[in-house]
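Reader: I have a model on my screen and want to learn how to read it. Can you take me through it feature by feature?

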Amino acid sequence: MPLFHRFAPAARLGRWLRLAAVCAAVALAPSAWASPASAPLSAQAEVDIHSPYRVVPKMPTGSKATADHSKFKELQGPFKSGPEVTAACLSCHTEAAKQIKGTIHWKWEEVEQDSKRIVGKNKVMNNFCVSTPSNQQFCTGCHVGYGDAKSGEFVAFSKRPDTDVDCLVCHDQTGKYKKAPYQSGNPATTRIEMPPGSGKFIEPIDLSVIAQHVGDPKRANCGTCHFAGGGGDGVKHGDLDSSLINPPKSLDVHMASDGLNFQCQTCHATGGHEVSGSHYKLDAKHEGGQYVRGSQHNMGSAASCQSCHGDTPHKGSLAQDLNMHTRNIACQTCHIPEFARGGVPTKMEWDYSKAGQRGPDGKPLVIKDEHGHPTYLGIKGSFKLGENVAPDYTWFNGAVKWMNIGENAVPNKDGVIAINQYGGSATDGKSRIWPVKTMKGTQPYDPDMHRLLAIHNAGFDDAAYWHTMDWQKSIAAGMKEAGLQWSGKYTFVKTTTTWPITHMVAPKDKALSCAQCHTNQGRLEKIDGIYIPGRGKDHQPWIEMIGLGVAGLSLAGVLVHGGIRSFMWLRRRDKPGSKKH
């Protein structure tokens, strides 16, 4: 007999009602717990914290920032100078200046990885603006500090007060903060005629408005200096220019404003104003595992591809073959097929020996290309620009040897002096094949003392080459400021510098194809020490003959063996007494 049939109708009705009541209670209970807004706060506080249904009530937060700087009385101003703003910042951020003054952003100095020499922007030669010692009022327009623009004398960064730290250049959110040229890193707080006597003026900016609108740095903040290296937008690096302020995905998959929207510090992780990653300390072959915020290996540089993607980043049918490449090839080699792709050209050659020409009006001659970009300036010489440039490639282990100002330098057999040299080889176990930009220069050289010459180019005095175009005076002033002797003679010599290509990461469908390297005269044609299938220089006829011979003999063996087996099977089948018979 069915269970319910054993009870009387009245009893069955009572049990059905009790069962319905229990179900209703169970169904309603979670919805009641999950609706804290309808309950008083005291009731929320009494919720069992161990309950699996506990929901943390959300509070309205508005901005993610924890402070509205526009409400701080310290920032109401008015401010007459950048240091006054910094003093206000430091009244709350008490350790910020000390942190900044310990970084390369302030010191412009770094310890070279192998030699342990002091290098950095204040020490090394380059083949863009050549040297910094006598051009500080101009060069410090990209320094995170303020200097004395009136004295005309450079005060060592180490001797400057904390209030000379420039907070606004990195933290301004208005986009209106600008350092004025030739003002030792100071913004214009009064109307400045620039150049003097030109009738052109720089208008002052309102520091109080900017001070009240500060926040975490954006790409534009970092780009204020890093996009303008070498004297202009995109000039120096080739993979850093203003096109990265608001880039499409086709230009950079990480920074795409309609995609991942990475800011610079997403990769260049920062703590205590110490920014990870530096072209003086490159992580050429990251071996610290994948990057996890807070992990111990994050104490070093996390600004490498592998620090996030690991050594086996590829998925899918070709994953095994592609991941095999990461042992010898940097990710950038395949995933940055060209640099200067954002519509901003980069400077590939700069020839100072051609400088000095004047136009019919007596002013320094200016020649521009069809896009309006200068290819010749009387004060600087001739240039060769490039867009969508295929990189050069080299073995690189992260060690770079720089030439400091004043070091002896002898041209090689091709008449070229390498101002910096990348370390690495196919056999050191530390190197990968990296894409690089090779910048070619022609610059002043002392033929008797065998050294590249420091020059004084920026300024409005008689020795400033950009002002008077007199090499003798310019070199004399530059070498004096650098504290170096020179013979009094100068000629011009060809130079190179090498720059890593690591930004402007293309979408994966725009990465290099297999055929672009595995072919004769392909991208890696000049790379030695590694066998690349398909490359002409790796073609060895005798090895291939042996391979083809072995393959042919193997095929013949298979055919012969199969033939014998087939013949024997037919013989057995035709014998009397076999199943066929």
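Reader: Let's begin with the elements. How many helices and strands are there in the chain?

Author: The chain has 16 helices and 17 strands. Keep in mind that this is a predicted model. Of its 581 residues, 38% count as buried.

Reader: How do I read the contacts along the chain? What share join residues at least 24 apart?

Author: Take the contacts between residues at least 6 apart in sequence. Of these, 66% join residues at least 24 apart.

Reader: Show me one case. Where does Phe-128 lie?

Author: Look in the loop between strand 2 (118-119) and helix 6 (136-139). Phe-128 and Val-235 are 107 residues apart in sequence. In space they are 8.6 Å apart, C-alpha to C-alpha.

Reader: Is Phe-128 buried or exposed?

Author: The cut-off for buried is under 20% relative accessible area. Phe-128 has 1%, so it counts as buried. Leave out residues up to four places away in sequence, and Phe-128 touches Gly-230, Val-235, Lys-236, Trp-350, Tyr-352, Lys-437, Met-439, Thr-497 and Trp-499.

Reader: Let me try His-237. Where is it found, and is it buried or exposed?

Author: His-237 is in the loop between helix 9 (219-226) and helix 10 (264-267). Its relative accessibility is 14%, so it counts as buried. Beyond its sequence neighbours up to four places away, His-237 touches His-226, Thr-346, Lys-437, Trp-499 and Ile-501.

Reader: Now strands. What is the general idea for the side chains?

Author: In a regular strand, side chains alternate between the two faces of the sheet.

Reader: Which strands pair with strand 7 here?

Author: Strand 7 pairs with strand 10 (residues 381-386) in the antiparallel sense, over five bridges. Strand 7 and strand 15 run parallel, joined by three bridges. In strand 10, Lys-384 stands opposite Glu-349. In strand 15, Lys-440 stands opposite Glu-349.

Reader: Why is strand 7 described as largely enclosed by the rest of the structure?

Author: Strand 7 covers residues 346-351, and five of its six residues are buried, so the rest of the structure largely encloses it.

Reader: How do I read a nonpolar core? Which residues touch the most other members of the largest one?

Author: Think of buried nonpolar residues joined through their side chains. The largest core holds 49 residues, and Trp-402 and Leu-452 touch the most other members. Strand 12 (400-402), strand 15 (432-446), helix 14, helix 15 and strand 17 (491-500) each give two or more residues to this core. Strand 15 gives the most, with four.

Reader: What does Trp-402 touch?

Author: Not counting residues up to four places away in sequence, its contacts include Glu-112, Arg-117, His-279, Tyr-280 and Trp-499. There is also a second, separate core of 23 residues. Phe-79, Cys-89, Leu-90 and Val-169 are among its members.

Reader: Next, the backbone. Which peptide bonds are cis?

Author: Two to look at. The bond from Gly-77 to Pro-78 is cis, with omega near 0°. Pro-78 sits in the loop between helix 2 (41-45) and helix 3 (82-90). The bond from Met-194 to Pro-195 is also cis, with omega near -5°. Pro-195 is in the loop between strand 3 (192-193) and strand 4 (201-202).

Reader: Which residues have a positive phi without being glycine?

Author: Trp-108 is one, with phi of about 55°. Trp-108 lies in the loop between helix 5 (104-107) and strand 1 (110-111). At 4% relative accessibility, Trp-108 counts as buried. Met-469 is another, with phi near 55°. Find Met-469 in the loop between helix 14 (465-468) and helix 15 (471-482). Met-469 is buried too, with a relative accessible area of 14%.

Reader: Last, pockets. How is empty space found?

Author: Rolling a probe the size of a water molecule over the atoms shows where empty space is left.

Reader: How much space lies in the second largest pocket?

Author: About 1,300 Å³. The second largest pocket is lined by 39 residues, and the closest to its centre are His-314, Leu-322, Cys-334, His-335 and Ala-511. Helix 12 (319-325) and helix 13 (331-335) each supply at least two lining residues.

Reader: Of what kinds are the lining residues?

Author: The lining of the second largest pocket divides into 24 nonpolar, 10 polar and five charged residues.

Methods
Residues numbered from 1 in each chain as written. Predicted model: local features only at pLDDT ≥ 70, side-chain atom pairs only at ≥ 80, totals over all residues. Heavy atoms only, no water. 1 Å grid on protein atoms, 1.4 Å probe; cavity = no way out; pocket = protein on both sides within 12 Å on 5 of 7 lines; lining within 4 Å. Points joined across faces, edges and corners; volume = space filled by probe spheres on them. Nonpolar A, V, L, I, M, F, W, Y, C, P; charged D, E, K, R; others polar. Buried < 20%, exposed > 50% of the residue type's maximum accessible area, 1.4 Å probe, protein only. Contact = heavy atoms within 4.5 Å. Core = buried A, V, L, I, M, F, W, Y, C linked by side-chain atoms within 4.5 Å. Pairing = 2+ DSSP bridges.
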